[in-house]
Amino acid sequence: MLSRLFAPKVKVSAHCDLPCGVYDPAQARIEAESVKAVQEKYQANEDPHFRARATVIKEQRAELAKHHVSVLWSDYFKPPHFEKYPELHQLVNDALKALSTAKASTDPATGQKALDYIAQIDKIFWETKKA
C-alpha cells in the first residue's frame with residue numbers, strides 16, 4: 001500500500017540529471033577565446049609572477065572549454081546528428097585534443113586552432129537546431 005502511495009505518478013526520462021535543454025557552443029568558444037587571449041598576454045609580458053598567474057588561468061579556461069565541448073558531445077548530440085554529420089565524432093575529438101594542446105602551450109596559434117574546431121562544431125550545432 002505504501003509503495004503505491006509513494007510510487008511516481010508520471011514516468012519521465014532525461015539526458016542528464018537536470019534537463020535544462022540549454023546548450024550552446026558559445027560557452028566553449030568564450031573559454032577558448034580566453035585561452036588565446038591569455039596566451040597573447042603571456043607572450044607580451046616578461047614578469048614571472050604575471051606569467052605564473054596567466055598559466056594557471058589559461059589551464060583553467062582550457063579545461064572549462066573542454067568540459068563544454070564534452071557536454072555537447074555527450075548530452076546534446078544524438079545518433080541522428082552523428083548520422084547526418086559523420087565527421088562530428090572526429091571533429092569533437094580534434095577540438096578536445098586542440099584544447100589540451102592549448103592548455104599546455106603559450107603559443108596563441110594553439111588557442112586559435114582550438115577556436116577553429118569549435119567554430120566547426122558551432123556550425124553543425126546551429127544546423128541541428130534548425131531541423
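Author: This is a predicted model, where local features need pLDDT of at least 70, side-chain atom pairs count only at pLDDT 80 or more, and totals for chains, interfaces and linings use all residues. Residues are numbered from 1 along each chain as its sequence is written, and side-chain values use heavy atoms, with hydrogens and water left out.

Reader: In which helix is threonine 110 found?

Author: Helices are DSSP runs of H or I with at least four residues, numbered from the N terminus. By that numbering, threonine 110 sits in α6.

Reader: Is threonine 110 buried or exposed?

Author: Buried means under 20% relative accessible area, exposed over 50%, partly exposed in between (1.4 Å probe, protein chains only). Threonine 110 has a relative accessible area of 16%, so threonine 110 is buried.

Reader: Which residues is threonine 110 in contact with, leaving aside neighbours within four places in sequence?

Author: Contact means heavy atoms within 4.5 Å. With those neighbours left aside, the residues are Gln39, Ala98, Thr101, Ala102 and Ser105.

Reader: How many aromatic pairs are there?

Author: Rings of Phe, Tyr and Trp (its six-membered ring) pair if their centres lie within 6.5 Å; planes under 30 degrees apart count as stacked, over 60 as edge-to-face and the rest as tilted. By this rule the count is five.

Reader: How far apart in sequence are the parts that tyrosine 23 and tyrosine 76 tie together?

Author: These two form a tilted pair, 5.7 Å centre to centre with 50° between the planes. Tyrosine 23 lies in the loop between α1 (2-6) and α2, and tyrosine 76 in helix α3, so the pair ties together parts separated by 53 residues.

Note on methods: Helices (H or I, at least four residues) and strands (E, at least two) are DSSP runs, numbered from the N terminus.
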